[in-house]
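These are my notebook entries on the contacts in this model. I took up one interface at a time.

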Amino acid sequence: MKINTRPARHRALRAVAARAAGAVAVLWGAATLAFFALALIPGDPVTIMLGPFTTAPQSIRDQIAADNGLDKPLFERYLAYLGRLAQGDMGESYQLQKSVAAVIGEALGPTVELALAAVVIAIVLAIVSAVLTAGREGRLRGFVTSWELVAVSLPPHWLGILLLTAFSFQLPIFPVVGVGGPSALVLPALTLALPIIGVLAQVLREGLEAALAQPFAVTARARGLSRRQVRVRHALRHAAVPLATLSGWLAGTLLGGAVIVEAVFGRPGLGALALQSATNKDMPVLIGIVLVSALTFVVISALIDAFQLLVDPRVRT
Amino acid sequence: MSPLLTVEGLTVAFPGVQAVRGASFTLDRGECLAIVGESGSGKSVTARSLVGLAGDRASVKATTLDFDGTDLTGLDERGWRRIRGGRIGLVLQDALVSLDPLRTVGAEITEALRVHRDVPRAAVHDEVVELLTRVGVPEPEVRAGQYPHQLSGGLRQRALIASALAGRPELLIADEPTTALDVTVQARILELLDRLKAEGTALLLISHDLAVVSRLADRVAVMYGGLLVEEGPTREVLDGPRHPYTRALAAAVPSAAARGTRLAPVRHSGPPAGPDGCPFAERCAHADDVCRDTPPPPAPLRCHHPESGPVARAVFIGPEGVFIGPGGRALDEPGAVPPARGAYGTTPGAPDPRAVGHGVSLSGIGDTLLTVTDVTKRYGGREVVRGVSLRVDRGEALGIVGESGSGKTTVARIVLGLAKPDSGSVTFAGEPWSALPERRRRPLRRRIQTIVQDPLGSFDPRHDTGTLLGEALAFAGVPRRERRARALELLERVELPASVAGRRPAELSGGQRQRIAIARALAPEPELLVCDEPVSALDASVQAQILDLLTELRSALALSLLFISHDLGVIHHISDRVAVMKDGEVVETGEATSLLAAPSHPYSRELFAAIPALTRADA
């Protein structure tokens, strides 16, 4: 089918270009919203920069405001901010005396590590529990589904504390706080993963059951495949199709969960940084975090869309 | 030598339902046995029991279930897996959902190859291509890399058959293998199955279509309510059916011979039979207490009161006691008024009470009602309808026949005023129709109504039937206080009990839903009914009832029909004139009887030849 390749590649390029444009639009929107939202919050940035205990005279305050361009009208500040952003400059932290990029760069590593670990754990456990229980009745299924419901419903911070109590204080298997090797990652990742497992397993199981009820599943078994082979080779791919609708939820859960998990387990990271800069009203860092979150969202949904294309040939045409 | 497959006393039960009641049959290599029955008769369950796939909730028992010396009753899952695909293949209906839509056709066939045969990896591709070639798939190399949704229905079905043949099974079970297909495609699939049979494969064909069966099967077993009621050589059973159910089934097949006659026997409902009695007793006019309480006589003819001789048919009568043949034309001969009138509960000479309020008059019959002149419609640069001209007279039924993609439905949409022709025009009752702006057409829309193949999608699922009809009546301008009474009248007209008004469409059977759709279409007292494949999704006996209803309503209400179908038998049965469509064009139009008997266009000839007829000329 040589004739078809060129238009197909054309289409693919156009799709990628459209998606990139969409990503830029999302980032711009996030930057704008963050900028104006934070500008509307009461509190003088100069006071924040100086810290709560200084009694600097008005002249010094004016000087600092002028140095940071804070004396200019809001819209002018917005344009200047966008201009800097376009060059990749997110400004400097009010309090850490470092560039926002450096601050976020330091925090990103541990959070990505945590999120990846959580996603891998969630996917593996959700697949196992869905494949084992889909289309079956009995005690195992009843137990698994009710425990999934519990995992989804429990507040993550409480879950984290529970895990800590059990596996760090009562049974000292894992360290209580900090980063340090894979063993320190287990409990935080599990805490972040549990609610995701709950939702993912339910969606997967429903998809598996729908797929197993289709005539092609009967056909596959009529070929001599075992039940497990039909599940793994045929039904699982079908079950993965509805996951696309979960991308927004997944990004939100990971980011929001990171804030809580990092606080509970005393881990450094984006969540901890967000918490810290919010309490300190460190605006440039907060805006930076908002931008990184928006970027995360764009990346996750792009990845899931690509996965979708890989799994479902019907979407490709 | 003992037969390849011997089934004796097969019973399958689901919780609360006895699906199969002691079925016995045999099948040999190179032979085809067809199990015929309506949906729910137990024919598919019987087939699936033979590969151990009747379902987790099924309890399958049999005195003998012997396949080439292997006792299938004692098999565990591992044993079944050796049989499935390798020795008994199963082909299901509608390959779009029977092939995994996420995998290429080649991958599906490869899987089937590798389960049973140790085909070296390097040889797999060649083997796949060879299998596709064997089932007559053109360009097998290309097709192997394609997904089911990229293939036409016929190619998909072939690919599915190829995947079932990969393990070289000695017995192939085909469960409704052609039901979703166009006639010409169906004919080719039947040819393929016939060839496999000739090559020595045993074929168990499951179908609801007697005509399909007559083409392929050596022997026929008719199933009703889980019981094999009649079994024998195909020609014997089809030409001289003896069980009352088989006779009803044979009479239900619409054909040239059945024009102007009732397809479904006058509905009989007696007391239900006991658990051991004949399942057909409830619907059988000959049933007595013996039928209801004692098991039917043993095979092959499981009936206490078998009949013989030709199948009798009743004839329709229009208002004023005049027989309105298909064609809406009153027949002159007094002999044409048959005594079957009593079936409708009215006496000849009296106007049909159901016509009251519909403003029926036989005057004007024969005037031109709808004219379609040189209509062309393009979608996305492709002409789906090209220069189509049609005419429907008052009281006349025009049948449009053609394969899917021939533009039939687009013509229907243009006639309904739902699509605007790119060129050409439609006039209705002598007035412009397609040229009208929507604002002026809307008040006239009630004069043309429609019935579609699957009415479920055209009903709001949260409304009950009474509400649905009330809405249609409101649209027709019936005052609120009269709607309830009119809705009940409509239900009566389509032969439904008043209790149906309180139920939602999803709670009704397919036939009942189609009746509701007809009632709704009748609510605004239309002059033209556009029917787009209205019976294609229905079982033979239900299809017969709906066709009967439409024929009866036509003569009672002097309705004109534009009747679209891919089924020539149906078209032949209901239409006065026929238009044959191919690739967006009308290739031939003419009087139904003469055109169908002697088509002049080569395509019509090819199309008609593809239709499996119940009785072959050479038989």
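**Interface between the chains**

I began with polar contacts and found that chain B and chain A share 14 residue pairs in polar contact, both residues of each pair being at pLDDT 80 or more. I note that the model is a predicted one.

I next looked up which elements of chain B supply this contact. At least two residues each of the side that touches chain A come from α2 (77-83), β7 (88-91), α3 (95-98), α4 (105-116) and α7 (153-165) of chain B. The most comes from α4(B), which gives five residues. By residue class, I recorded 13 nonpolar, six polar and ten charged residues on the side of chain B that touches chain A.

I then asked how many salt bridges there are between chain B and chain A. The count is five. I inspected A:Arg223 and B:Glu111, whose side chains meet in a salt bridge at 2.9 Å, N to O.

For the extent of the contact, I noted 29 residues from chain B and 27 residues from chain A. Chain B and chain A bury about 2,400 Å² between them, and 55% of that area is on carbon and sulfur atoms. In chain B, the most area is lost to chain A by B:Arg81, B:Leu102 and B:Glu111, which together make up 24% of what that side buries.

**Interface between the domains of chain A**

I turned to chain A, which is divided into domain 1 (21-86) and domain 2 (104-316). The contact takes 14 residues from domain 1 of chain A and ten residues from domain 2 of chain A. I recorded 36 Å between the C-alpha centres of the two domains.

Domain 1 and domain 2 of chain A bury about 1,000 Å² between them, 88% of it on carbon and sulfur atoms. On the side of domain 1 of chain A, A:Leu27, A:Leu38 and A:Ile48 lose the most area to domain 2, together 47% of what that side buries.

I looked for salt bridges across this domain interface and found zero. I also found zero residue pairs in polar contact there, with both residues at pLDDT 80 or more. The elements giving two or more residues to the side of domain 1 that touches domain 2 are α1 (2-40) and α4 (74-86) of chain A. The largest share, eight residues, comes from α1(A).

Definitions and conventions
Residues are numbered from 1 along each chain as its sequence is written. Chains are lettered from A and ligands numbered from 1 in the order in which they are written. This is a predicted model: local features need pLDDT of at least 70, side-chain atom pairs count only at pLDDT 80 or more; totals for chains, interfaces and linings use all residues. Side-chain values use heavy atoms; hydrogens and water are left out. Domain bounds come from an automatic or database domain assignment. Contact means heavy atoms within 4.5 Å. Buried area is the accessible area (1.4 Å probe) that two parts lose on being put together, summed over both. A salt bridge is a side-chain nitrogen of Lys or Arg within 4 Å of a carboxyl oxygen of Asp or Glu. A polar contact is a pair of N or O atoms within 3.5 Å; within protein, one must be able to donate a hydrogen and the other to accept it, and residues adjacent in sequence count only if both atoms are side-chain atoms. Helices (H or I, at least four residues) and strands (E, at least two) are DSSP runs, numbered from the N terminus. Ala, Val, Leu, Ile, Met, Phe, Trp, Tyr, Cys and Pro count as nonpolar, Asp, Glu, Lys and Arg as charged, and the others, Gly among them, as polar.
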